[in-house]
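Here are my notes on the model you sent. Please read them with the structure open.

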Amino acid sequence: MANSPVGNRDLIRAINRSKILNTIKSYGLIPRAEIARLTGLSPATVTGITADLIQDNLVFEKEVGDSSGGRRPIMLAINPHGGCVVGIKVMEDHALGALTDLEASLLVKQSFPLTDTSPEGVSLAVGELVVELLRLSANPLSSLMGVGVGLAGIVDSGQGIVCQSPFFGWTDVPLRELIQNRVHVPVYIDNDVNTLAFAEKWFGAGQGINDFLVVTFGRGIGLGIVVNGQFHHGLRGGAGELGHTVIRPGGELCACGKRGCLEMYVSEPAMLRQASEAFNQGQLASQPHTPEELVALAESGAAPAREILVQAGQLLGQSIANLINIFNPQCILINGEGVRAGRWLFDAMRASIDEHTLPSLRQDVSILVEPLGDDAWARGAASLVLHELFESPINRQRDSEIA
Ligand SMILES: [Zn+2]
């Protein structure tokens with residue numbers, strides 16, 4: 001079908017529709033003639049497709065400016081209220097949901113406990129959370145354009161399958177289908193770090209940047225990869241397992257079954273474990289039970305606490321330098337709950353990045369440490385749906401052909 005004349009015509013129209021939508025989104029307010037000039041499409045094509053977009057409520061017309069005696073120019077803009085989307089971050093014992101408009105602005109959010117963590121239990125909870133968010137926002141089900149779900153683990157987003165979930169012990173669970181059977185709208189799933197990368201690209205520091213990496217630092221270490229404007233998932237969605245790159249062969253045993261993984265030395269649990277050892281050996285006066293307590297000890301002058309944070313920062317910086325040398329990105333965005341580790345860790349990380357990155361690549365890249373909250377992860381999951389809405393079918397097809 002894809003190669004038939006009708007199939008080609010539909011595909012070309014879908015590509016043109018995506019080009020026009022993205023142009024309107026990029027420029028905010030834009031006249032039809034300017035869309036035709038920027039996209040290289042004929043005025044007739046632009047008129048036809050924008051008529052459909054207006055009909056679908058995705059775009060609206062607005063008269064602006066001074067008429068100077070003549071007709072006032074008619075501009076087009078994205079209609080943020082043309083529909084709504086839901087994003088959900090699934091965590092170990094609860095799910096956080098966000099309902100946003102078509103510009104990813106948060107309208108309502110809600111947390112939901114996960115008591116049953118079987119695939120059926122989680123999909124049931126996600127379905128109930130979607131209904132609750134629609135009720136809270138007073139939006140009808142008919143306005144819901146899709147649901148995006150982010151969770152930790154290896155997620156094959158093209159197939160909609162959770163290949164491996166460290167929290168729930170799942171293997172090859174068709175989560176997208178299970179949720180879709182409950183909510184009856186398009187559902188998209190992805191690794192939670194990737195949903196955060198979507199958030200950065202859609203409404204965060206990654207807007208307008210084609211090559212950037214998102215490093216999440218907290219309980220584990222994750223990586224979201226955007227290359228040439230596209231999200232890189234790898235063959236089965238497993239790209240970005242930075243936390244399980246081996247930095248000490250034969251080192252500490254990781255939950256993944258291998259030894260010497262980065263997150264056995266740099267994550268928050270790893271630093272607290274090291275602090276506990278220092279306390280047991282009498283080097284620390286008290287035992288910190290949270291990252292905040294460890295930072296407070298460092299601030300109060302406890303040298304072993306500082307040493308733990310500095311060492312973790314050095315190792316994290318070394319890994320990020322390797323990434324810069326491989327990807328040559330314009331920007332590295334570091335977030336996750338671990339950003340509370342503060343200056344001891346991040347000063348050491350920056351020094352280590354400077355030391356280990358090729359100088360000509362270091363000068364191009366900006367490093368941003370951002371304290372984004374859980375909302376951003378859930379809004380990121382919502383952006384999964386928006387991304388699909390705006391994405392060119394060319395890129396979408398490429399994904400499914402490879403899968
Ligand atoms: Zn590991």
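1. Is His-244 buried, partly exposed or exposed? His-244 is partly exposed, with a relative accessible area of 28%. The scale is this: buried means under 20% relative accessible area, exposed over 50%, and partly exposed in between, with a 1.4 Å probe and protein chains only.

2. Before going further, the ground rules. This is a predicted model, in which local features need pLDDT of at least 70 and side-chain atom pairs count only at pLDDT 80 or more, while totals for chains, interfaces and linings use all residues. Residues are numbered from 1 along each chain as its sequence is written, and side-chain values use heavy atoms, without hydrogens and water.

3. The zinc site. The zinc ion has His-244 (ND1), Cys-254 (SG), Cys-256 (SG) and Cys-261 (SG) as protein donors, 2.0 to 2.4 Å away. Donors here are N, O and S atoms within 2.8 Å of the metal (3.2 Å for Na, K and Ca); water is not among the atoms, so sites may look incomplete. Along the chain the donors follow the spacing H-x9-C-x1-C-x4-C.

4. Geometry at the zinc ion. The four donor atoms subtend angles of 105 to 121 degrees, which makes the arrangement tetrahedral. For four donors, that label requires all angles to lie between 85 and 135 degrees.

5. Where two of the donors sit. The zinc ion's donors include His-244 and Cys-256. Both lie in the loop between strand S14 (230-231) and helix H7 (263-266), so the pair ties together parts that are twelve residues apart in sequence. Strands (E, at least two residues) and helices (H or I, at least four) are DSSP runs, numbered from the N terminus. Cys-256 is partly exposed, at 39% relative accessible area.

6. Strand S5. Six of the seven residues of S5 (residues 94-100) are buried, so S5 is largely enclosed by the rest of the structure. S5 pairs with strand S4 (residues 84-90) in the antiparallel sense over six bridges. Two strands pair if DSSP finds at least two bridges between them. The hairpin from S4 to S5 passes through three residues. Val-90 has Ala-95 as its bridge partner in S5.

7. The S6 side. S5 also runs antiparallel to strand S6 (residues 106-113), with seven bridges. Thr-100 stands opposite Leu-106 in S6. The hairpin of S5 and S6 has five residues between the strands, and Ala-104 takes a positive phi near 65 degrees there.

8. A three-stranded sheet. This open sheet has the order S1-S3-S2, with antiparallel pairing. Strand S1 (30-31) and strand S2 (59-63) stand at the edges with a single partner strand each, so one side of each is left without a neighbour in the sheet. Five bridges link S2 to strand S3 (residues 74-78). Lys-62 stands opposite Met-75 in S3.

Notes
Tetrahedral: all angles 85-135°; square planar, octahedral: opposite > 155°, others 65-115°.
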